[in-house]
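Hi there,

Here is the structure I promised to pass on. Could you open it alongside this note?

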Amino acid sequence: MTKRPILIHPDPRLRKLAAPVPDLSDDLRRLAHDMLETMYDAPGIGLAAPQVGANHRLIVLDCVKEKGATPRPLIMFNPAVVAVSDDKTTYEEGCLSIPDQFAEVTRPAAVSVRWIDQNGAEQSEDFDGLWATCVQHEIDHLDGKLFIDYLTPLKRQLITRKMQKLKRDMARV
Ligand code: NI
């Protein structure tokens with residue numbers, strides 16, 4: 001497995017509609033495992049393929065955060081939210097493409113998700129709590145959407161300017 005560089009907002013590749021995966025391949029499975037390694041290393045609880053510059057509908061996540069608990073890495077090809085709860089929940093979200101910036105986002109508290117696993121089998125599961133927020137955040141990435149899009153234009157601009165400055169500073173090193 002190889003760690004891949006994570007794109008930082010603003011980047012046009014983070015704003016594209018990702019393409020559905022028609023057939024699984026070893027390359028795509030390798031990409032998924034690279035993404036898991038990249039996510040764990042960051043560390044983060046979710047990562048979407050566009051964040052490593054790959055325009056595929058593929059996300060990985062593992063929201064088990066307790067120390068010593070068994071990890072639960074999930075790889076989802078073509079994930080789709082098929083049902084949402086009326087109940088809403090608010091979490092302070094962050095994003096590996098928007099480092100060190102956090103803001104409260106309100107989303108459905110529970111979601112049903114359908115996806116294709118790395119063996120090509122169709123899976124579905126209901127998620128709640130942090131898992132529900134995380135899976136919605138990652139699927140948003142596949143539609144070119146970032147958590148800052150839920151904030152006011154002013155807050156979004158403020159964060160975007162900070163990221164532009166961060167990228168200039170990183171380019172200088
Ligand atoms: Ni993100």
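This is a predicted model: local features need pLDDT of at least 70, side-chain atom pairs count only at pLDDT 80 or more; totals for chains, interfaces and linings use all residues.

Residues are numbered from 1 along each chain as its sequence is written, and side-chain values use heavy atoms, leaving out hydrogens and water.

The nickel ion has Cys95 (SG), His137 (NE2) and His141 (NE2) as its protein donors, 2.1 to 2.3 Å away. Donors here are N, O and S atoms within 2.8 Å of the metal (3.2 Å for Na, K and Ca); water is not among the atoms, so the site may look incomplete. Along the chain their spacing reads C-x41-H-x3-H. Cys95 belongs to strand 4 (residues 88-95) and His141 to helix 2 (residues 129-142), so the pair ties together parts 46 residues apart in sequence. Helices (H or I, at least four residues) and strands (E, at least two) are DSSP runs numbered from the N terminus. Cys95 is buried at 11% relative accessible area, and His141 is buried at 1%; buried means under 20% (1.4 Å probe, protein chains only).

On to the rings: Trp115, Phe127 and Trp131 are linked into a cluster by ring pairs. Rings of Phe, Tyr and Trp (its six-membered ring) pair if their centres lie within 6.5 Å, with planes under 30 degrees apart stacked, over 60 edge-to-face and the rest tilted. Trp115 and Phe127 make a tilted pair, at 6.2 Å and 35 degrees, while Phe127 and Trp131 are stacked, at 6.1 Å and 20 degrees.

Happy to talk it over!

Conventions. Buried means under 20% relative accessible area, exposed over 50%, partly exposed in between (1.4 Å probe, protein chains only).
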